[in-house]
Amino acid sequence: MFTTSISLDAIHSFSKNTIADHIGIEFLEIGTDYIVARMPVDHRTHQPFGILHGGASVVLAETLGSIASFLCLKDPDNQHAVGLEINANHLRPAKNGFVYGRVTPIHVGRTTHIWDIKITNEEDKLVCVSRLTVAIVSANR
């Protein structure tokens, strides 16, 4: 399904000096129609009560979905994938360790992509479910 081939190293390089890099998101696996990444649950991603901040989960979800959309672009030199809408349901807290995000497609069209992102803890229990809608726009805008 992905039209662009990219290595994990290239994704890590692409993410340098971004929010994903700042909070420690690491890309672990790229399949034919999914990407897996992990994010630490620590001082960078905690909210004041010492648990994973919902906004950090949303950053992980949008990062995964945006990269997945980029990999689906027919003409990446002349197109950009930009977030249009995201929602997230936070199901259980995480206090430490890592959470893992896996993005899979719901709809990959010409002008919009919709992604399902499931975030789990180290025991593979759901922490957050998210849906991201991405707009495909001209890079010349």
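Start by selecting Thr 63, which lies in helix 3. Helices here are DSSP runs of H or I with at least four residues, strands are runs of E with at least two, and both are numbered from the N terminus. Is Thr 63 buried or exposed? Thr 63 is buried, because its relative accessible area is 14%. (Buried means under 20% relative accessible area, exposed over 50%, and partly exposed in between, with a 1.4 Å probe and protein chains only.)

A word on what you are viewing: this is a predicted model, where local features need pLDDT of at least 70, side-chain atom pairs count only at pLDDT 80 or more, and totals for chains, interfaces and linings use all residues. Residues are numbered from 1 along each chain as its sequence is written, and side-chain values use heavy atoms, with hydrogens and water left out.

The backbone oxygen of Val 59 lies 2.7 Å from a polar atom of the Thr 63 side chain.

**The largest pocket**

Now select Phe 14, Thr 63, Ser 66, Ile 67 and Ala 81. Of the 14 residues that line the largest pocket, these lie nearest its centre. Which element gives the most? Helix 3 does, with five residues.

The volume of the largest pocket is about 280 Å³. A pocket is found on a 1 Å grid over the protein atoms alone: it is an open set of points where a 1.4 Å probe fits, with protein on both sides within 12 Å along at least five of seven lines, and lining residues have an atom within 4 Å of a point. A volume is the space filled by probe spheres set on the points, which are joined across faces, edges and corners.

Colour the lining by type. It divides into seven nonpolar residues, six polar and one charged. (Ala, Val, Leu, Ile, Met, Phe, Trp, Tyr, Cys and Pro count as nonpolar; Asp, Glu, Lys and Arg as charged; the others, Gly among them, as polar.)

**Rings**

(Rings of Phe, Tyr and Trp, the last by its six-membered ring, pair if their centres lie within 6.5 Å; planes under 30 degrees apart are stacked, over 60 edge-to-face, the rest tilted.) Phe 14 lies in helix 1 (residues 8-14) and Phe 70 in helix 3, so the pair ties together parts 56 residues apart in sequence. Phe 14 is exposed at 56% relative accessibility. Phe 70 is partly exposed at 25%.

Next, pick Arg 38 and Phe 98. The charged end of Arg 38 sits over the ring of Phe 98, 3.8 Å from its centre.

**Last stops**

Select Asp 116, found in strand 5 (residues 112-120). Asp 116 is buried, with a relative accessible area of 18%.

Finish at Ser 5, in the segment before helix 1. Ser 5 is exposed, at 75% relative accessibility.

Methods
Lys NZ or Arg CZ within 6 Å of the ring centre and 35° of its normal. Polar contact = N/O pair within 3.5 Å; in protein donor to acceptor, adjacent residues only side chain to side chain.
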